[in-house]
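Biologist: Could you walk me through this fold, with a few questions from my side and some answers from yours?

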Amino acid sequence: MKICLDVKCTGCAACVNACKRRCISMREDELGALHPIVDENKCIQCGLCSKVCPNNLELAFHYPKTCYASWIKDSEKRKICASGGIGTILSEYVLGIGGVVFGSRYNDSLVPIMNYTESVLDLDYFKGSRYVQSIVGNETFQKVKAFLNDGRMVLFVGTPCQVAGLMGFLRKEYENLITVDLICHGVSPTKYLMEEIGWLSQKYHIKGIKDIRFRGNDGNNYRLTLWNKDSRKLFPGTNYREKILRLSESQQYYITGFLKGITMRENCYTCNYARPERISDITIGDFIGLGREVPFSYPTNNVSSVLINTPKGEDFYKKVSEIQYDLVNVERNYEERLKYRPSLMEPFKRHKLNYKFVKLYKKYGYLKAIHLTLWSVMLVKQMKVYLHVWTYIYRIPRKVYRLLIQKS
């Protein structure tokens, strides 16, 4: 039994959460991506799984009413946040009024999952971008519904397809639910990251990993870094040789494949939610292009775009802004944010190397496939690192350096 087309399935797990017979499970396909599989021996053909699947529904999309350039002023609080720290400030507000926050975090096995917290003390676990699919559990949406029915305020922060999955599962509006979707580049299957971490741990003899980061206001933007429980970086290392040569750049296979659009889930290349109209009450993401054409009076680094999409979202964000004095909002024209098209006007484009990766993956699995696919790309990266070092050591003029970089 097919719930929806495989190429459109996002792995949101709405069907798994809805099935009262528990006859649906999420399993990896031939490329390691999670898809629902129905146990025909248990299935009673009630059709509920198809009814809640967002790919089979006419969902409500909203054109943003207001667009803000926003950030929180507390630099320490923002240090491991992906951008302006808006998710953190929204979560603090909801928890402060006795609500519940659902979002992405790592479990004890470092698997990214959708989970919830009722305590501000746990918020650090939910901070930062995760360039990977966070697994929605068999009961995640059921727990959201239970909290809502108990009258609790619930903030759900996730990718647009996860929000769509929740809306499909709930099948009605709740005044005490605020949904926040992330402007999403796409996601790679969870299996890829797990194998990458295993490979790095073995290669560099890394032990005690407690956190995996891809973004942050701590100088580690767009790089995969591994940390222990005391927030000391384990990979890339911090020895003098690596500081100079940045040899770890040639080991950034996972994030390179992700950022270039080589290793994402198939549905991400035709995403239904990469459009100006949004699925949630509020949308947050990087404010790419801020100040390029219309002057902006503040620093533009690590500023979030906040899109207010519904009256409920507008009322909620107004309350947050009134009580959270650390939050700065500067209203901007939505057209300014739309100028950067990927992930907001259209899905992120499939890289031509994706076809090579898929072919190799089916033959060798993730690790060998990604190394064979990216070997020339990583070689160029390392050449640029050495050129940078030579420029520094031998005082090569910057014009010559730029010329060498272009040729490489």
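## Cores, sheet and helices

Modeller: Happy to! This is a predicted model, and its largest nonpolar core has 39 residues, of which Ile24, Phe156 and Leu177 touch the most other members.

Biologist: Nice start. Which helix supplies the largest share of this core?

Modeller: Several elements supply at least two residues each, including helix 1 (14-18), strand 4 (100-106), helix 5 (140-149) and strand 6 (154-158). Helix 6 (160-170) is also one of them. The largest share is six residues, and it comes from helix 6.

Biologist: And what other core lies apart from it?

Modeller: Look for Phe258, Tyr361, Ala369 and Val377, which are among its members. They belong to a separate core of 38 residues.

Biologist: How many bridges join strand 6 to strand 7?

Modeller: The two strands run parallel, with strand 7 covering residues 177-182. Within this region, Gly158 stands opposite Asp181 of strand 7. The number of bridges joining strand 6 to strand 7 is five.

Biologist: Why do the buried residues of helix 5 line one face?

Modeller: The buried residues in helix 5 are Thr140, Phe141, Val144, Phe147 and Leu148. An α-helix has 3.6 residues a turn, so residues three or four places apart point the same way. What covers the buried residues of helix 5 includes helix 1, strand 4, strand 6 and helix 6. Viewed down the axis of helix 5, they line one face because they fall within an arc of 120°.

Biologist: Last one, my friend. What separates the C-alpha atoms of Met26 and Cys15?

Modeller: Met26 sits in strand 1 (residues 24-28). Beyond its neighbours within four places in sequence, Met26 contacts Gly11, Ala13, Val16, Leu34, His35 and Pro36. Cys15 is 11 residues from Met26 along the chain, and their C-alpha atoms are separated by 9.7 Å.

Definitions and conventions: Residues numbered from 1 in each chain as written. Predicted model: local features only at pLDDT ≥ 70, side-chain atom pairs only at ≥ 80, totals over all residues. Heavy atoms only, no water. Core = buried A, V, L, I, M, F, W, Y, C linked by side-chain atoms within 4.5 Å. Buried < 20%, exposed > 50% of the residue type's maximum accessible area, 1.4 Å probe, protein only. Helix = DSSP H or I, 4+ residues; strand = E, 2+ residues; numbered from the N terminus. Pairing = 2+ DSSP bridges. Arc of directions from axis to C-beta. Contact = heavy atoms within 4.5 Å.
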